[in-house]
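Please keep the sequence and the structure in view while reading.

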Amino acid sequence: MRRRDFLKTTIAGAAGVSLLGMPFTAEAAQRITLTILHTNDQHSRIDLFPDDGRKYGGMGGMARRATLIEQIRKEEPNVLLFDSGDIWQGTPYFNFFGGELEYKLMSQMKYDAATLGNHDFDNGLEGLEKMLPHARFPFLSANYDFSNTILQNRFAPYKVFEKQSIKIGVFGLGIELAGLVSQNNYGETLYLDPLDTAREMVQELRQNQQCNLVVCLSHLGYKYDDGKIDDVTLARQVEGIDLILGGHTHTFLDQPEVVRHASGHETLVNQVGWSGIFLGRLDFSFSKKTRQKTGVRTAAVPVNRPVTTS
Amino acid sequence: MNNHFSKVLTVLALSLSMAGCQRPWAASPSLGTTDVPVDKTLSADPQLEAQISPYREEVTQKMSEVVGTAPVALVKGEYESPLGNFVVDLQLAQAEPLYKKPIDLSLTTNGGLRVPLPEGEITTGNIFELMPFENELVVLTLKGETVKQLFDYAAEKKFAPIGNATYTVQNGKATNIRINGKPFDMGRTYTLVTSDYLAGGGDNLNMLKDAVQTERLGLLLREAILQQIRQLAAAGKPVTAETGKRVTILP
């Protein structure tokens, strides 16, 4: 399986090289690569699943993930690390410490941003406020209006990152809280339409902020049958997002879903299950000259090998 | 690192010739799997391990905290059981102060109660094993006909303990239903405390989706169980189940 992916990716990459008619190194010199790593629905899974024969037994673990991320940071020049919500709830670590350790460990791993999932409201707005000082990364939330709550002005709708002159605009979208979270816990937080909000974000990030890549951290969920807004609907109905990193539905995708718009612009939707069993990885390349996105690879080549010390 | 690079080059060279004749170049993304497994080939980062360690010790210690004592084990069973009765009764006891009104009925299912409560000292860990799910208590308002369907379900399936009610099972149906000591009245509504999981139709309790009102209490079932046991211990009482006859089975 891994080997097949390896070959598939390499073949496509090689075909690109041969068409350009450039030697490998010269072509590489013309481009900037950006590695996006992501998690979703970590659910307070600090320790790995017990290796007792259960599904995913022996997998996960935040200290191991840190090793993997550190390794990728050593190999790649430009790395961004994101989470799509539901960091909390699921193990006694959350029940006893209220999410403190989760935020501390994510800060150590140098997460660049996260968005809020429904379970991140499980200790109410007060519980969230109390833990925010432990997070040295921003929570991005564009469609929750916290104006009438104790969390007003605590969350930006988006953040622009710059890596070797490439501007990456990242915004966050959350799921409707009513019916999913006790109102005691979200109080007067208002839920705004995710599609309208996303259109505004794309306009802002593309036109005003001149971003070369637009990423949405979403906790809407991958796909629903009942017409509820999901990541696939978002990808189809809002043009201009390059990548939607999703959560909530704990979906394991073998590869990202590609939504192609009439203009030719493509939106990728990805999600990596839950509990930190996997780390998601996408490698984008950009032309150094135009700063335009020239390709994306989701190859597992450099990372899916055992850690060696050599 | 060098070794890895030369390996990549070899594969690149190999695939160049293959690609030339087989795969036309397209401008769409090359999609392999995006998931990098976090598995045993990775060693734990020592810095993070050091940070986790004191928390882990505290979790272990708290999970072994004794919250109460049971003179006999509380086990599951058909229709009514010590464990089933204990849980439906505590759901009422813990929910009513939050709901601020008496609640007519309480429901759980044996599937949701994962393990019995052991005889002797009961630890926090025991409660996490009994109720590992993050289920929240909700109060449903049900029409009389829905309540009847619920009792018929309980009579047929045998695994759905109901609190604050008695009934008789006859030919697989519930008869002689009494709620809070009074005969069941099809013409009125009743309130029911249960988990959000069952309220959403879990365990095929589809009739609960017909609730005319759903109110969340913001209290996890596990938390309710822990509170009940702590309150009993604080009052010097053991963890026992009420054993009055609730379900009569006619041959």
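Helix α3 of chain A passes helix α2 of chain B in a right-handed crossing, where a crossing is right-handed if the near helix is turned clockwise from the far one by less than a right angle, and left-handed if anticlockwise. The model is predicted, so local features need pLDDT of at least 70 and side-chain atom pairs count only at pLDDT 80 or more, while totals for chains, interfaces and linings use all residues. Residues are numbered from 1 along each chain as its sequence is written, and chains are lettered from A and ligands numbered from 1 in the order in which they are written.

In this description helices (H or I, at least four residues) and strands (E, at least two) are DSSP runs numbered from the N terminus. A residue is buried if 20 or more other C-beta atoms lie within 10 Å of its own, exposed if 12 or fewer, and partly exposed in between, with C-beta atoms placed from the backbone. Two residues are in contact if their C-beta atoms, placed in that way, lie within 7 Å. The table sets out the two chains.

| Chain | Helices and strands | Buried residues | Contacts joining residues at least 24 apart, among those at least 6 apart in sequence |
|---|---|---|---|
| Chain A | nine helices and 13 strands | 51% of the 310 residues | 74% of contacts |
| Chain B | seven helices and 12 strands | 37% of the 251 residues | 77% of contacts |

For chain A, an unreviewed UniProt entry lists residues 34–251 as "domain: Calcineurin-like phosphoesterase"; positions are given in the numbering used here, feature names are shortened, and annotations may be inferred rather than shown by experiment. Over residues 34–251 the chain is 29% helix and 18% strand, and the end C-alpha atoms are 24 Å apart.

Helix packing is described by axes, which are lines fitted to C-alpha atoms over the stretch in contact, and by angles that run from 0 to 180 degrees between N-to-C directions. Angles under 35 degrees count as roughly parallel, over 145 as roughly antiparallel, 65 to 115 as roughly perpendicular and the rest as oblique.

Between the chains, α3(A) (residues 62–75) and α2(B) (residues 46–63) pack at about 160° with axes 8 Å apart, which makes α3(A) roughly antiparallel to α2(B). Here A:Met62, A:Ala63 and A:Ala66 meet B:Leu48, B:Glu49 and B:Ile52, and the contact divides into five nonpolar, no polar and one charged residue. In these classes Ala, Val, Leu, Ile, Met, Phe, Trp, Tyr, Cys and Pro count as nonpolar, Asp, Glu, Lys and Arg as charged, and the others, Gly among them, as polar.

Helix α5(A) (residues 100–108) also packs with α2(B), at an angle of about 170° and with axes 10 Å apart, and these two helices are therefore roughly antiparallel. A:Leu101, A:Lys104, A:Leu105 and A:Gln108 meet α2(B) residues including B:Leu48, B:Ile52 and B:Tyr55, and by class this contact has five nonpolar, three polar and one charged residues.

Within chain B, the axes of α3(B) (residues 82–99) and α7(B) (residues 221–234) come within 9 Å and cross at roughly 90°, so the two are roughly perpendicular. Among the residues making this contact are B:Leu90 and B:Gln91 of α3(B) and B:Ile225 and B:Gln228 of α7(B); the contact divides into five nonpolar, four polar and no charged residues.

Finally, A:Gln152 lies in the loop between β4 (144–145) and β5 (158–163) of chain A, and counts as exposed because it has 11 C-beta neighbours inside 10 Å. Not counting residues up to four places away in sequence, A:Gln152 touches A:Phe146 and A:Ser147.
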